[in-house]
Amino acid sequence: MSTQTFRALLVENVHPDADAALTGYGPVEITRASGSPDPQALKAALKGQSVLGIRSRTHIDAAILDAAPDLLAVGCFCIGTNQVDLAEAARRGVPVFNAPFANTRSVAELTLASIIMLMRRVPEKMFAIHEGGWLKSADGCNEVRKKKLGIVGYGNIGTQLSVLASALGMHVYFYDIEPKLAHGNARPMESLEALLAECDVVTLHVPSSTQTRNMMNRERIRAMKPGSFLINQARGDLVDIEALASALDDGHIAGAAVDVFPVEPSSKDNRFDSPLQRFRNVILTPHIGGSTLEAQAAIGQDSAIKLAKYLYLGSTGHAVNFPQVEPGPVRPGCTRVAVPHVNAPGFLRRLNDAAERAGANVAAQFLQTDAEIGYALADLEGALPADFLDRINALDGTIRARILPSPG
Ligand code: NAI
């Protein structure tokens, strides 16, 4: 029962650091493919695979999942998970993992660099010198020390930036809808408007949501301190680009750094157009906030660790489509059984009755549910009958039961 060999198919050049992380809890046979296989090739390649690791180009829908009955989990070695039909995966008892915070530091560093470049007016001087100009004047050029930085969204990136900017001597202010513990001497602001009126540089680090869409509209851009700078390296729909262009035209905003846009080209072969391209005091970058080799490595490790923990511990911690259970190691002398099931009354009772009928004592148990799915783990003491897995799979509501490998 515990001799299962796990196999993982990693496509789209998942970072090599994933291998060590994926095998960190026990053996996993890894097969790699460089590109994104077409659906037919993927279906064939998934036979016998317990794990599929993808990046953003491989689409997983119900048809692919149906062709992969051995598949236990999907790892998105990236931030987004739109390429996977999450609900269909959950319905088949397949948790999906990703690495949402692996590029936090990379974004914070780009923001910090942008703050310094904007305050020193480097973009204008750089455009000029490339054309043979020589703009040596110190007019409008400032050190960042003692300047006021306003961080909107004090989450993973916002707090990292807060620490880095404080170390440079900036006065950090922040606004968040949730109560947040301030790092160092950072000061929370009661409203976004108060932050906008106070700060020399405002930088956005909030998610895209109905609440944040267009949060920097014409009114809010005009509420910023005259001569201040705006940075958006979060999401393209947070800022009214036309309103920003108008505030740059009349000098109300002294410069901006923008990495994300309402419409972004789908590949490097498509042209990018934006009203911001005409400004020499604007840093434009092609959504590269998180694009570093370090972030790629961290994504490789982060997603792979979550998959390995699922295979060997049954942990669904940080799964994006599944009830989250994060158990420790299997209790000594016990066998762990993991059962994704339909969330309806009575399932846990049926599971425990089946354990009792098999002569097993439930030494530990974990359960979480969402609207549709439940996920139960039980550490069972005592030798289990050979057909125990079949009995659990036959219970009303079981999606698919699994007996985890015994600790080595
Ligand atoms: P996070 O979830 O850790 O933090 C977001 C914070 O924003 C939370 O503290 C939340 O309470 C706060 N928030 C939400 N709505 C708010 C509102 N209306 N007003 C004020 N605060 C609000 O997210 P993280 O990891 O720090 O990412 C921040 C942004 O950066 C996200 O939009 C993310 O998509 C983007 N990002 C961009 C990258 C790029 O390549 N340019 C790479 C990675 C992330």
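Trainee: Leaving aside neighbours within four places in sequence, which residues is leucine 195 in contact with?
Mentor: Leucine 195 is in contact with Gly150, Ile151, Val152, Tyr173, Phe174, Tyr175, Met189 and Val202, once neighbours within four places in sequence are set aside. Contact here means heavy atoms within 4.5 Å.

Trainee: What should I know about the model and its numbering?
Mentor: The model is predicted: local features need pLDDT of at least 70 and side-chain atom pairs count only at pLDDT 80 or more, whereas totals for chains, interfaces and linings use all residues. Residues are numbered from 1 along each chain as its sequence is written, and side-chain values use heavy atoms, with hydrogens and water left out.

Trainee: Which residues have the most contacts inside the largest nonpolar core?
Mentor: They are Val152, Leu195, Val202, Met216, Leu244 and Leu276, in a core of 32 residues. A nonpolar core is a set of buried Ala, Val, Leu, Ile, Met, Phe, Trp, Tyr and Cys residues joined through side-chain atoms within 4.5 Å. Buried means under 20% relative accessible area, exposed means over 50%, and partly exposed lies in between, with a 1.4 Å probe and protein chains only.

Trainee: Which elements each supply at least two residues of this core?
Mentor: These are β7 (171-175), α8 (192-198), β9 (201-204), α10 (241-249) and β11 (253-258). The largest share, six residues, comes from α10. Helices (H or I, at least four residues) and strands (E, at least two) are DSSP runs numbered from the N terminus.

Trainee: And what does the second, separate core include?
Mentor: That core has 30 residues, including Ala18, Ala102, Ile299 and Tyr375.

Trainee: Back to α10: which of its residues are buried?
Mentor: Ile241, Ala243, Leu244, Ala245, Ala247 and Leu248 are the buried ones. Their cover includes α9 (218-222), β10, β11 and β12 (282-284).

Trainee: What caps the N-terminal end of α10?
Mentor: Aspartate 240 does, with a side-chain oxygen 3.1 Å from the backbone nitrogen of glutamate 242. After the helix comes glycine 251, with a positive phi near 80°.

Trainee: How many residues of β11 are buried?
Mentor: Six of its six residues are buried. Five bridges join β11 to the parallel strand β10 (residues 228-232), and leucine 230 stands opposite alanine 256 of β11.

Trainee: Changing topic, in what order do the five strands of the open sheet come?
Mentor: The order is β2-β1-β3-β4-β5, with parallel pairing. The edge strands, each pairing on one side only, are β2 (28-32) and β5 (96-97). Two strands pair if DSSP finds at least two bridges between them. Between β3 (residues 51-54) and β4 (residues 73-76) there are four bridges, and leucine 52 has valine 74 in β4 as its bridge partner.

Trainee: Which helix lies across β1, β2, β3, β4 and β5?
Mentor: Helix α11 (residues 293-313) lies across them and runs at about 170° to β4. Axes are lines fitted to C-alpha atoms, for helices over the stretch in contact, and angles run from 0 to 180 degrees between N-to-C directions.

Trainee: Now the ligand. Which residues are closest to the ligand?
Mentor: Asn156, Ile157, Asp176, Val206 and Asp259 are the closest of the 25 residues that surround it; a residue is near a molecule or strand if one of its heavy atoms lies within 4 Å of it.

Trainee: How far is a polar side-chain atom of aspartate 259 from a nitrogen atom of the ligand?
Mentor: The distance is 2.9 Å. An N or O atom in the side chain of arginine 235 is 3.0 Å from a ligand oxygen, and a backbone N or O atom of glycine 290 is 3.2 Å from an oxygen atom of the ligand.

Trainee: Is aspartate 200 buried or exposed?
Mentor: Aspartate 200 counts as buried because its relative accessibility is 18%. The residue sits in the loop between α8 and β9, and its side chain makes a polar contact of 2.9 Å with that of lysine 225. A polar contact is a pair of N or O atoms within 3.5 Å; within protein, one must be able to donate a hydrogen and the other to accept it, and residues adjacent in sequence count only if both atoms are side-chain atoms.

Trainee: What about lysine 146: where does that residue lie?
Mentor: Lysine 146 lies in the loop between α6 (122-130) and β6 (148-152). Its phi is near 70°, a positive value in a residue other than glycine. Most residues other than glycine have a negative phi. Lysine 146 counts as exposed because its relative accessibility is 60%.
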